[in-house]
Amino acid sequence: MDWQAIATSLPSLGDGLIATLQLCAVAALCSLLWGGLMAWMLMRASPFWLKILNLYSGLTLALPLLVVIYLLYFVLPEYDITLSSPVVGVLALTLYYAPYIAQVIRAAIAALPQGQWEACRVLGLSRSEQLRDVVLPQTLPQMLSPLVGLTIGLIKDSALLSIVSVQEFMYAAKQAISDTYAPLEIYLTVALCYWLLNSLIDWLARCLESRMTRYRRGLQH
Amino acid sequence: MGLDQQVIAALPELGHGLLMTLVLTVLASMVSVVMGQLGCFLQLRRAWIWRFIGRLYVSMMRGTPAIVQLFVVFFTLPRLGLGGQPMLAAVVAIGLNSGAYVAEILRVNRSLVTRGQLEAARTLGLSRALTWWYVINPQVMRASLPMLVNEFTILLKTTPLASVVALTELTYAGQIVIARTYDATQVLLLVAAGYLLIALPLISAARRLEAKRRLA
C-alpha cells in the first residue's frame, strides 16, 4: 500500500466529497419535489395521463442510469439545449429517482384507512391541517426507511456523473490518480468514504425512525 | 425518421455489444447467486466471526457505488496475475455487488423454513452445510424467485458500468459508433432499445412469478 499517495491526495478528495454532498442534496430535494408532485398526479390523473406517467416510470425501471445520463448529455445539445454538466447530472438523477419516490409516497398514503379521510372531513379540517396533523404523522415513519434507501442509492449513483465530467468525488479521485499513479489505494479510500457516509445516513435514519414510531410502542405496553 | 446510412452500417457492431451485455448479465447473475447464497449462509452461522464476515460483505457492497467496486476489482486483479481482462473484472465486480442484495433477499425468505424442519434435519444427522443445501436452500430459492428475477433486472442496469474499463458491451459499442458517426440521438435511442429488449421480458417475468406466488 502506498500510504503517501493517500495522504497527499486527501485534501482534494475532501473537496470532491463536499461537492458530491452538495450535488446529492440538490438532487435529492429535486427528486423529492418531483416525486411528490408525481404521487399527487398518480392519485388524481385521467387514464390518459396515468398511462403517460406509467410509461415514464417503466422506462426508469428498465433503462440503465448511464444511458439516461448519456441521452440527456448528448441528445439535448442536438436540439440546441445546452446545459452545464452539473445541471445535467441533477436532472438525470431527479428524473431517474422521482418515479421510485412517487411510488413510495403513494403506497404510504394509500395504506391510510378510508375512515381517516372521512373523519377529517367530519371534523372540518382544512387541507393543510389534514396533511400536517393526520396524514404526515402516520405516513412519514412508513416512508422514511424506503426514502432513505433511495437517497443512499442516489448518492451511490451520483458517482456515475464523473463519466460526463461533473466535478464530484469520483472525479476528484480520478484527478488524484493521475497525479499519484496509485489507483487501487485511492479507490479503496473512496470506497471507505462512501461506505462511512452511507452507513452514517442509515444509522441516523434508524434513530429517527425509532423516535417517530415511539407512539406505537407506547400503545403496546 | 429514417436511420442514417452510417448508423445502419454500424448495426452489427451494436448487435455484438448487445450480445456482450447479455453474456455479462448471465455470468454476473451466476456469480451473484453463488455469492448471495454464501453471504446468506454465513449470516446464519452461529459463530460470531462468520456472521460478522457475512454482514460486512453485505454492508460494504450496499454502501459503496458499483463503479468504485468495479475500479477496485479492476486494479486488484493485476496484483493477482489476472490483469488486462475487463470481462473478468466486470463479471466479478457486478456479481459481488448484486450478490449482497441476493443475500438479503434470501435472508428475508429464510423464515419460511420452520424450526421443526431444522430439528428434523439435525435428528437425521445432516451437517449444517447439507441442511442448507438440501432443506433450506430449495425452499428459500423457490420463494425468492420473483425477487431474484427483479434483482437480475437491476443487475442488467449496472452492466453499462463495464464501459469504463473498456469492455465493448452495448453502451461502449454505442459510444464508439457515436465517435465515428456524430449521430448521438439515433445511436443512443438504439442502445436504449437494446436494454429494453432484455429488461422488459425480465420485468414481465418477475410480475408473472410474483402473481403466481401470491396465488399459491
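**Figure 1. Chain A, element by element.** Walk along chain A of this predicted model from the N terminus and the elements read α-α-α-α-α-α-α-α-α. That comes to nine helices and zero strands. Chain A has 221 residues, and 43% of them count as buried. Now take the contacts in chain A between residues at least 6 apart in sequence: 75% of these join residues at least 24 apart.

**Figure 2. Where chain B meets chain A.** Here 37 residues from chain B come up against 33 residues from chain A. Lys157(B), Thr185(B) and Leu188(B) are the ones in chain B that lose the most area to chain A, together 20% of what that side buries. The two chains bury about 2900 Å² between them, and carbon and sulfur atoms give 75% of that. How many residue pairs are in polar contact across the interface of chain B and chain A? There are 11. On the chain B side, the elements giving two or more residues are H3 (48-63), H4 (66-76), H7 (128-158), H8 (170-181) and H9 (184-215). H9(B) gives the most, with 12 residues. Sort the chain B side by class and you find 23 nonpolar, nine polar and five charged residues.

**Figure 3. A salt bridge between the chains.** Side chains of opposite charge can pair when their charged atoms come close. Between chain B and chain A, the count is one salt bridge. Its partners are Glu185(A) and Arg79(B), whose side chains meet at 3.7 Å, N to O. Search the whole structure and you get nine salt bridges over all chains.

**Figure 4. Two salt bridges in chain A.** In one of them, Arg206(A) and Asp202(A) bring their side chains together at 3.0 Å, N to O. Both sit in helix H8 (residues 183-212) of chain A, four residues apart, or about one turn of the helix. Arg206(A) is exposed, because its relative accessible area is 55%, while Asp202(A), at 29%, is partly exposed. Arg132(A) also forms a salt bridge, with Asp133(A), and their closest N and O atoms are 3.2 Å apart. Arg132(A) counts as exposed at 55% relative accessibility, and Asp133(A) is partly exposed at 44%.

**Figure 5. Charged pairs in chain B.** Arg213(B) and Glu210(B) meet in a salt bridge, 3.5 Å from N to O. They are about one helical turn apart, because they sit three residues from each other in helix H9 of chain B. Both Arg213(B), at 41% relative accessibility, and Glu210(B), at 22%, count as partly exposed. Elsewhere, salt bridges with shared partners link Arg55(B), Glu104(B) and Arg107(B) into one network.

Figure 6. Is Ser98(B) buried or exposed? It's buried, because its relative accessible area is 2%, under the 20% cut-off. You'll find Ser98(B) in helix H5 (residues 86-109) of chain B. Skip its neighbours within four places in sequence, and Ser98(B) is in contact with Ser32(B), Glu151(B) and Leu155(B).

**Figure 7. Gln85(B) in a loop.** Gln85(B) lies in the loop between H4 and H5 of chain B. This residue is partly exposed, with a relative accessible area of 38%. Phe74(B) is 11 residues away along the chain, and the C-alpha atoms of Gln85(B) and Phe74(B) are 8.3 Å apart.

**Figure 8. A look at two cysteines.** Cys40(B) counts as buried, at 0% relative accessibility, whereas Cys207(A), at 33%, is partly exposed. How many disulfides are there over all chains? The count comes to zero.

Notes
Residues are numbered from 1 along each chain as its sequence is written. Chains are lettered from A and ligands numbered from 1 in the order in which they are written. This is a predicted model: local features need pLDDT of at least 70, side-chain atom pairs count only at pLDDT 80 or more; totals for chains, interfaces and linings use all residues. Side-chain values use heavy atoms; hydrogens and water are left out. Contact means heavy atoms within 4.5 Å. Buried area is the accessible area (1.4 Å probe) that two parts lose on being put together, summed over both. A salt bridge is a side-chain nitrogen of Lys or Arg within 4 Å of a carboxyl oxygen of Asp or Glu. A polar contact is a pair of N or O atoms within 3.5 Å; within protein, one must be able to donate a hydrogen and the other to accept it, and residues adjacent in sequence count only if both atoms are side-chain atoms. Ala, Val, Leu, Ile, Met, Phe, Trp, Tyr, Cys and Pro count as nonpolar, Asp, Glu, Lys and Arg as charged, and the others, Gly among them, as polar. Buried means under 20% relative accessible area, exposed over 50%, partly exposed in between (1.4 Å probe, protein chains only). A disulfide is a pair of cysteine sulfur atoms within 2.5 Å.
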